[in-house]
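Please read it with the coordinates open.

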Amino acid sequence: MDLTVEIDRHSGFCGGVIRAIGKAEEYLSSEGQDRLYSLGAIVHNEAELDRLGRQGLVTVGSDDLERLKPGSTLLIRAHGEPPETYRKADGKGLRLIDCTCPVVLKLQESIREAYLRLHENGRSGQLLIFGKIGHAEVLGLLGQVGGDALVVENDEMLESMIREGRIDFSEPLEIFSQTTKSPDGFAAICDRLRAHTDRLVIHNTICSQVATRHEKLSRFAGEHDLLLFVSGKASSNGKVLSQLCLKENPRTHVIGSPGEIRREWFREGDRVGICGATSTPKWLLEEVAEAVRNL
Ligand code: SF4
């Protein structure tokens with residue numbers, strides 16, 4: 001088949017994920033270390049997890065912490081964790097490799113400060129987080145403020161919160177975003193809130209690597225006849241970015257591996273673009289490109 005293939009050079013791991021994987025590999029390649037526990041998947045990509053699993057990385061959940069032997073080494077991934085996790089790990093005598101992304105650490109600090117500011121001298125106010133309910137980064141943020149913040153995932157959820165009177169517009173409001181959310185989605189939520197109050201403080205905490213990727217990816221999607229978006233099913237950033245691609249290019253197919261490619265998707269002469277989420281490894285994009293070239 002006559003196809004041209006281009007990999008989006010801006011796709012692939014973000015800085016936080018590169019740093020966490022680098023630290024895990026460094027630890028596992030040091031002498032006498034063949035086992036490292038990661039609290040939650042270090043990256044939402046099954047193929048990369050398999051590769052790291054072969055080196056000795058074992059993913060565990062918070063319920064498993066009780067069962068780890070004292071002295072075991074536990075990696076905290078880029079998403080960060082609530083203070084409770086550090087207390088638990090300390091109580092169990094675990095050694096930590098803390099890979100919380102510096103951008104997330106800064107966001108945790110900002111939300112703690114906002115909470116104190118809102119409640120200082122007996123005052124009150126509300127905190128909102130634009131993010132995915134149950135996402136590790138969001139749980140880490142909620143942990144900074146004792147769970148006292150509302151999480152809003154999208155417009156519909158915001159509308160029902162407003163209808164149900166769960167947002168008190170007579171009080172000051174401060175809103176933060178999960179680092180990997182869509183800048184357009186955040187702007188829409190802020191606009192909607194601004195229509196109800198002039199006491200809203202907006203903290204645009206979307207990671208700059210994610211925000212610029214949105215613009216570049218939209219352009220890339222429009223420049224190709226067909227897109228293969230490569231992402232793990234659990235990647236929240238993957239869901240946001242693949243939707244963006246689908247909006248720009250209806251011939252977008254979301255796949256997890258080269259084995260999912262279907263010949264019937266392609267037309268003679270197509271310019272095929274290959275891209276992925278902040279959790280998609282470059283080597284997997286290369287494998288997908290190779291599979292398309294072999295069609
Ligand atoms: S998306 Fe940005 S904030 Fe989140 S882990 Fe990656 S680099 Fe850090």
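1. Two residues are taken to be in contact if their C-beta atoms, placed from the backbone, lie within 7 Å. Helices (H or I, at least four residues) and strands (E, at least two) are DSSP runs, numbered from the N terminus. The model is a predicted one, in which local features need pLDDT of at least 70 and side-chain atom pairs count only at pLDDT 80 or more, while totals for chains, interfaces and linings use all residues. Residue numbers start from 1 along each chain as its sequence is written.

2. On the helix 8 and helix 9 pair: Val210, His214, Leu217, Ser218, Ala221 and Gly222 of helix 8 meet Asn237, Leu241, Leu244, Cys245 and Glu248 of helix 9. By class, this contact divides into six nonpolar, four polar and one charged residue, where Ala, Val, Leu, Ile, Met, Phe, Trp, Tyr, Cys and Pro count as nonpolar, Asp, Glu, Lys and Arg as charged, and the others, Gly among them, as polar. Two packed helices are described by the angle between their axes and the distance between the axes. For helix 8 (residues 208-222) and helix 9 (residues 236-248) the axes come within 8 Å and cross at roughly 35°, the axes being lines fitted to C-alpha atoms, for helices over the stretch in contact, with angles running from 0 to 180 degrees between N-to-C directions. The crossing of helix 8 and helix 9 is right-handed; a crossing is given that hand if the near helix is turned clockwise from the far one by less than a right angle, and is left-handed if anticlockwise.

3. On the helix 4 and helix 5 pair: the axes of helix 4 (residues 102-119) and helix 5 (residues 136-144) come within 8 Å and cross at roughly 35°, and this crossing is right-handed. Helix 4 contributes Val104, Leu107, Gln108, Ile111 and Arg112 to the contact, and helix 5 contributes Glu137, Gly140, Leu141 and Gln144. Sorted by class, these residues comprise four nonpolar, three polar and two charged.

4. Leu107, which lies in helix 4, deserves a separate look. A residue is buried if 20 or more other C-beta atoms lie within 10 Å of its own, exposed if 12 or fewer, and partly exposed in between, with C-beta atoms placed from the backbone. Leu107 counts as buried because it has 25 C-beta neighbours inside 10 Å. Leaving aside neighbours within four places in sequence, Leu107 is in contact with Leu141, Phe176, Thr179 and Thr205. Its C-alpha atom lies 8.8 Å from that of Gln178, although Leu107 and Gln178 are 71 residues apart in sequence.

5. On the domains: the assignment, which is automatic or taken from a database, divides the protein chain into domain 1 (4-12 + 209-293), domain 2 (15-101) and domain 3 (103-206). The centres of domain 1 and domain 2, taken over C-alpha atoms, are separated by 29 Å. Contact between them involves 12 residues of domain 1 and eight residues of domain 2, and on the domain 1 side the residues are three nonpolar, nine polar and no charged.

6. On the cores: a nonpolar core is a set of buried Ala, Val, Leu, Ile, Met, Phe, Trp, Tyr and Cys residues joined through C-beta atoms within 7 Å. The largest such core has 46 residues, and those with the most contacts inside it are Ala24, Ile42, Leu75, Leu128 and Ile129. Its largest share, five residues, comes from helix 5, and at least three residues are drawn from each of domain 2 (15-101) and domain 3 (103-206). Ala24 is in contact with Leu36, Ser38, Ile42, Leu52, Leu57 and Leu75, leaving aside its neighbours within four places in sequence. A second, separate core of 22 residues includes Phe229, Val230, Ile255 and Leu284.

7. Leu49, in helix 2 (residues 46-55), is partly exposed, with 17 other C-beta atoms within 10 Å. Not counting residues up to four places away in sequence, Leu49 touches Ala41, Val43 and Thr59.
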